[in-house]
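Please examine the sequence and the structure shown below. A short briefing follows, grouped by topic.

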Protein chains: 2
Amino acid sequence: MDAIDRKILAYVQKGGRDSYAEIGAAVGLSISAVNERLKKLHTCGAIQFWSAAVDPRAVGRPILAYTQVLTAGARSDDVDAFLNAVRRNDAVLECHHVTGRWSYLLKIRTESLESLEALLSGIAAAPGVTQTHTELALSSLKETSVVPLAADGT
Amino acid sequence: MDAIDRKILAYVQKGGRDSYAEIGAAVGLSISAVNERLKKLHTCGAIQFWSAAVDPRAVGRPILAYTQVLTAGARSDDVDAFLNAVRRNDAVLECHHVTGRWSYLLKIRTESLESLEALLSGIAAAPGVTQTHTELALSSLKETSVVPLAADGT
DNA sequence: GATGAAACTCTGGTTTC
DNA sequence: GAAACCAGAGTTTCATC
């Protein structure tokens, strides 16, 4: 993982289907070298998978919410059941164990307020869940999953 | 935007560099048809760009934080300046205007607690910012940007 | 679908540390 | 000596018809 690897990663996060020739031109490498580096970045886990960035609004998933969940006082088994349900539900994009007053922070993307309500009702009623609080996103100034990669870094 | 388009989108969010033949086999289309559909999905904005999903921990960006920002009472110009600074800073992955007690919710990814502290100090000191509150992610059960796409949807 | 053009994979050889 | 890079041939894949 050197500076060239980071340049490649920075590039392919925005140009994931560009040819190896283009990537090579951008980072100063031959086609073969780009091929080898990318293969290595994939096997070492730096590149998890290749993806198309889909606009949620263009495909009918305009509702975005962040839900804080408290599990204090719940049985460990119940919390595990809640987390498994979260893992299986693909409307829940993110689930983080967080510091502070709350236990978990969920990022949720749905088709409508109705489906959000149904999902939140299910979460609030789960045995492992003590309390919830939801904030709705009215608009998004930016929303990316591109990992910042300057020339330095570890 | 029909059911096949949604199947294509669901597929390419996880297999973004697969060949058109593989995509076609998965959704029941010829190579040419996949080619045409993808081109259309790109021009209509459903596919924003192609990307490699990079593991933040594998590239030295392990710190993840969510910061709530209050701008109540601030001058409109100052809030705009804050938002522009946010837009330019690529450590801020997301910025949403949200309902509830806070004005904005920021998702921040940094290399270290030190760089997070520096970033948060800057935000808290901005003229447009009245108050902030930050929660640190201790661990992440899931973190994806894959938009959920069932067979239905709009 | 078929065809020309482009891109990818793999091998072998060279350089560098 | 090992690791990384480059170049070329053969194969696959893509874009246009």
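In the hairpin of S3(B) and S4(B), 5 residues lie between the strands, and B:Gly100 takes a positive phi near 95°. This is a predicted model, in which local features need pLDDT of at least 70 and side-chain atom pairs count only at pLDDT 80 or more, while totals for chains, interfaces and linings use all residues. Residues are numbered from 1 along each chain as its sequence is written, chains are lettered from A and ligands numbered from 1 in the order in which they are written, and side-chain values use heavy atoms, leaving out hydrogens and water.

**Strand S4 of chain B**

- Strands here are DSSP runs of E with at least two residues, numbered from the N terminus, and two of them pair if DSSP finds at least two bridges between them.
- S3(B) (residues 92–98) is antiparallel to S4(B) and joined to it by 5 bridges, with B:His97 opposite B:Tyr104.
- S2(B) (residues 63–70) also runs antiparallel to S4(B), through 7 bridges, and B:Gln68 stands opposite B:Leu105.
- In S4(B) (residues 104–110), 7 of 7 residues are buried, meaning under 20% relative accessible area (1.4 Å probe, protein chains only).

**Contacts with DNA strand D**

- Among the 13 residues around DNA strand D, those that come nearest are A:Ser30, A:Ser32, A:Arg37, B:Tyr20 and B:Asn35; a residue is near if one of its heavy atoms lies within 4 Å.
- The side chain of A:Ser32 has an N or O atom 2.9 Å from a base nitrogen of DNA strand D.
- For B:Asn35, a side-chain N or O atom is 3.1 Å from a phosphate oxygen of DNA strand D.

How values were computed: A polar contact is a pair of N or O atoms within 3.5 Å; within protein, one must be able to donate a hydrogen and the other to accept it, and residues adjacent in sequence count only if both atoms are side-chain atoms. Buried means under 20% relative accessible area, exposed over 50%, partly exposed in between (1.4 Å probe, protein chains only). Helices (H or I, at least four residues) and strands (E, at least two) are DSSP runs, numbered from the N terminus.
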